[in-house]
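I opened this notebook to record what I looked up in one structure. The entries follow in the order in which I made them.

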Amino acid sequence: MSTATQERPVREELRRIARDTSYAWRLATGRVELPPATPSDEPDPYGNPDPEWLHIDWREHLRQIDVVGAQANYVELGDGPPLVFVHGLSGCWQNWLENIPRFSRTHRVIAVDLPGFGGSAMPPWEVDIPAYGRFLRDFCERLGIDRCSLVGNSMGGFVATELAITEPDRVDDLVLVSAAGITWARARREPAEMLARVGRAAAPLALRAEMSGIRRPKFRRYAFRGVFYDPSALRREMLWENVVPAFQSPGYFDAMRNLVGYDIRHRLEEIEVPTLIVWGRNDRVVPVPAALAYKKRIPRAELVIFDRCGHVPQIERPVRFNRVVERFLARAGVLD
């Protein structure tokens with residue numbers, strides 16, 4: 001294969017990234033027209049100045065379990081119907097700190113670190129969406145969970161849709177939060193491998209830059225505005241809990257390399273359970289048009305778009321997020 005032929009997919013991917021970056025720039029400057037946000041009928045603050053999670057000794061709730069050769073780290077609180085939270089590509093169980101205490105009052109809440117992320121070691125198998133779907137199935141089985149409500153953010157939403165399609169009898173209802181999947185279907189593996197290699201080499205520098213952003217408030221907005229709508233309004237502790245485990249996760253770049261190009265779009269119509277789609281209107285990671293595509297393809301889906309919100313609504317607008325999901329789970333339980 002000639003050098004020109006080898007370089008072509010990289011050039012194409014870089015052009016695609018440029019288009020996406022242009023979208024993000026136009027989004028940030030107000031030069032792209034977005035779908036209207038869903039009005040809120042109750043308080044909808046950004047962030048949480050006095051979060052309940054800061055007063056919990058999480059060491060009491062941390063668990064580890066072997067799942068078919070993969071050592072899985074997770075937290076568990078509460079009693080009742082099982083509710084399982086799944087983080088995204090740059091994530092860990094701490095992505096759900098604002099939500100676990102609230103739902104543990106009525107549910108058995110479990111937030112897992114996928115293998116290769118957070119406190120879970122790299123698995124003996126290759127990381128991809130079908131493998132993560134099987135892991136999630138086996139993880140629930142090991143915990144004695146036959147059926148559950150499933151909530152996934154970003155890549156976690158991608159994994160959640162895989163389980164809902166391949167193991168429909170295990171999912172009662174589904175919440176997709178800024179879910180990846182539809183946008184990843186366009187990506188090509190070869191350029192992604194190149195980008196992953198560059199990212200792996202740059203990770204230590206990136207971590208130091210992000211840590212500097214956390215420690216120095218005036219730089220917080222610039223360090224994290226790609227993910228959060230207003231990072232300067234979030235507590236420093238929350239940013240720390242979400243960033244450090246992500247950059248220290250050994251599976252990050254393998255997952256990025258292996259997950260792109262997996263197309264699930266034609267299978268979304270197979271999801272039969274009640275589905276809630278929650279999105280930040282100002283999401284620059286997975287732009288809001290993807291939310292409309294999910295809504296169009298999943299038969300029993302409803303969509304809520306949060307205004308002035310980025311890629312992690314459960315962190316950025318936790319009061320409204322908890323309220324909306326709580327109401328959805330109550331309605332879905334009646335429908336089921």
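The entries below concern a predicted model, and they take up a helix, a strand and a pocket in turn.

**Entry 1: helix H4.** I looked up helix H4, which covers residues 155–166 and has 12 residues. From its first C-alpha to its last, H4 reaches 17 Å, close to the 16 Å expected at 1.5 Å a residue. I then asked whether its residues are buried or exposed, taking buried as under 20% relative accessible area. I found that 11 of the 12 residues of H4 are buried, so the helix is largely enclosed by the rest of the structure. Among them are Phe 158, Glu 162 and Ile 165. The cover over these buried residues includes strands E3, E5 and E6 and helices H3, H8 and H9.

**Entry 2: strand E4.** I turned to strand E4, residues 108–113, where 6 of the 6 residues are buried, so E4 too is largely enclosed. In a regular strand, side chains alternate between the two faces of the sheet. I noted Arg 108, Ile 110 and Val 112 on one side of E4 and Val 109, Ala 111 and Asp 113 on the other, all buried. E2 and E4 run antiparallel and are joined by 5 bridges; Leu 77 stands opposite Val 109. E3 and E4 run parallel, also with 5 bridges, and Pro 82 stands opposite Arg 108.

**Entry 3: the second largest pocket.** I recorded a volume of about 150 Å³ for this pocket. Which helix gives the most to its lining? H11 does, with 3 residues. The lining divides into 5 nonpolar, 2 polar and 4 charged residues, including Trp 53, Arg 102 and Asn 322.

Methods
Residues numbered from 1 in each chain as written. Predicted model: local features only at pLDDT ≥ 70, side-chain atom pairs only at ≥ 80, totals over all residues. Heavy atoms only, no water. 1 Å grid on protein atoms, 1.4 Å probe; cavity = no way out; pocket = protein on both sides within 12 Å on 5 of 7 lines; lining within 4 Å. Points joined across faces, edges and corners; volume = space filled by probe spheres on them. Helix = DSSP H or I, 4+ residues; strand = E, 2+ residues; numbered from the N terminus. Nonpolar A, V, L, I, M, F, W, Y, C, P; charged D, E, K, R; others polar. Expected span 1.5 Å × (residues − 1). Buried < 20%, exposed > 50% of the residue type's maximum accessible area, 1.4 Å probe, protein only. Contact = heavy atoms within 4.5 Å. Pairing = 2+ DSSP bridges.
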